Amino acid sequence: MLTRTKRVLSDGTRIEDLVDRPNREVSLSVMNDAELYQIEMEKVFGKTWLLLGHDTEIPNSGDYVVRHMGEDAVIVTRASDGQIYVSLNVCPHRGMHVCTAESGNAQVHRCIYHGWAFRADGSFIGAPVERERMHGDLKSKEQLGLKKARVALYGGLIFANWDVDAPSLEESLGDMKFYYDMLFKRTDNGLEVLGPPQRLTIDANWKTAGEQSACDGFHTLTLHRSLLERGIMGGSGGDEVAEFAPGMYGINVGENGNTLRCIPVNTTFTLMLGESMENLSVDERFEKLPPPGIMPSMLPEMKRNMTPEQLHVMSVAPPQVGNLFPNVNILFIYAPLRDGTMGSGLLLHTIVPKGVEKFQWLTWFFAEKDTPDDVKKLMRAAASQAGGTSGMIEQDDSDTWPHMTESARGFMGRQETLKYQAILGENRPDDWPDKAKVYNGFSKDDAQWLWWEQYFALMTN
Ligand code: FES
Ligand SMILES: [Fe+2]
């Protein structure tokens with residue numbers, strides 16, 4: 001159903017007309033439109049739960065990092081009460097950034113311009129020369145604090161949302177929480193970041209990477225083919241592995257624009273170990289090839305933390321790649337180590353818009369906290385070989401994003417459409433839990449279409 005909206009662009013185009021639902025097409029012009037971009041800042045980045053980091057980045061009272069919600073800089077801090085706060089990094093006095101560092105430790109943030117000071121929780125302490133009332137008398141101190149966002153923690157991940165009326169993070173995840181738990185909540189002590197995030201600026205519209213993250217399995221066959229042929233994405237290389245690229249047959253799951261791609265362990269076994277998993281029990285499969293990032297010694301606690309249904313999914317086809325709407329890319333993958341043996345890499349990215357034709361690609365590397373230090377080192381090496389500033393897989397991906405953005409600048413290019421017409425349809429295997437929308441088979445466009453449905457639901461609301 002088309003949703004009526006009051007939003008009309010200045011050339012008369014209604015936002016709802018940018019999507020053709022019966023034909024599953026989106027106007028390419030959405031990838032390069034200054035007016036639409038401003039609306040996205042309000043309707044998407046002003047109303048959704050945005051990933052800002054992980055609580056292991058700021059373990060101590062006063063620790064902070066500066067991150068972005070859309071184009072707004074925010075200070076993410078742990079205050080003396082142990083709670084995490086997210087405050088707009090804009091001085092209520094005259095708009096200076098209150099914090100000009102990227103990270104650090106401070107109980108007080110003092111604006112360098114005229115010296116107004118704020119506690120870690122964002123509340124206003126005062127202006128210099130208190131007896132002269134340098135902040136005036138028109139407003140109380142309570143009214144002069146930094147603007148605060150709602151904060152939610154999930155598996156240590158820090159999310160924030162400006163919209164007081166938005167559904168809770170839990171509601172936004174919906175049934176997908178069942179799958180995300182298998183990545184973020186599987187051990188007693190949880191995940192830990194391996195260093196500060198890498199940052200890379202890419203000359204492309206944020207949505208080019210955003211919608212690709214929603215399980216575009218299709219492109220692995222072609223865009224990443226050279227990596228497959230050389231055995232860099234797993235397997236022994238050669239032409240014959242391309243059709244498994246990587247796990248073209250699998251199960252995509254999604255809801256509310258959040259999606260994950262569950263890759264059958266049998267494919268992984270065949271590619272990585274050269275043997276079949278047929279006839280192996282759940283426990284035997286876990287022992288032979290634990291989910292990415294899980295050490296054999298962690299299996300007992302993983303089994304305690306997961307439900308039998310989750311363990312079934314993890315032993316048959318664990319979720320490995322996907323997204324969190326709107327701007328998170330997930331890679332919890334098996335990744336070859338430098339010596340060619342199998343390891344794993346756990347990566348999260350955010351796609352932070354920096355104007356219509358630019359975004360920042362942030363990359364966090366993770367390991368389970370209880371992983372031995374030498375293994376953490378190997379995992380970071382394997383992960384950085386796959387993704388981030390030196391990642392070979394993402395060098396392929398990031399090649400396409402600027403091209404699409406440039407295509408959407410042209411007079412004729414803007415009249416082209418993005419097509420999502422390879423439809424599998426909801427299709428759940430008998431033994432698969434009834435959680436979220438399930439698409440079993442050769443990877444098609446269904447999950448990515450869920451991303452666009454969520455985008456247009458917000459943009460036309
Ligand atoms: S702008 Fe911050 S104190 Fe004046
Ligand atoms: Fe890719």
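Let's start with cysteine 215, which is buried because 27 other C-beta atoms lie within 10 Å. A residue is called buried if 20 or more other C-beta atoms lie within 10 Å of its own, exposed if 12 or fewer, and partly exposed in between, with C-beta atoms placed from the backbone. This is a predicted model, in which local features need pLDDT of at least 70, side-chain atom pairs count only at pLDDT 80 or more, and totals for chains, interfaces and linings use all residues. Residues are numbered from 1 along each chain as its sequence is written, while chains are lettered from A and ligands numbered from 1 in the order in which they are written.

Cysteine 215 has a positive phi of about 70°, although it is not a glycine. You will find cysteine 215 in the loop between helix 4 (206–213) and helix 5 (225–229). Helices (H or I, at least four residues) and strands (E, at least two) are DSSP runs, numbered from the N terminus.

Now look at arginine 133, another residue that is not glycine but has a positive phi, near 50°. Arginine 133 sits in the loop between strand 10 (124–126) and strand 11 (150–154). Is arginine 133 buried or exposed? Arginine 133 counts as exposed, because it has 10 C-beta neighbours inside 10 Å.

Next comes helix 9 (residues 308–316), where Gln310, Val313 and Met314 are buried. They are on the same side of helix 9 because they cover an arc of only 95° around the axis, the arc being that of the directions from the helix axis to the C-beta atoms.

Finally, a cis peptide bond, with omega about 5°, joins phenylalanine 325 and proline 326. Proline 326 lies in the loop between strand 17 (319–324) and strand 18 (328–336).
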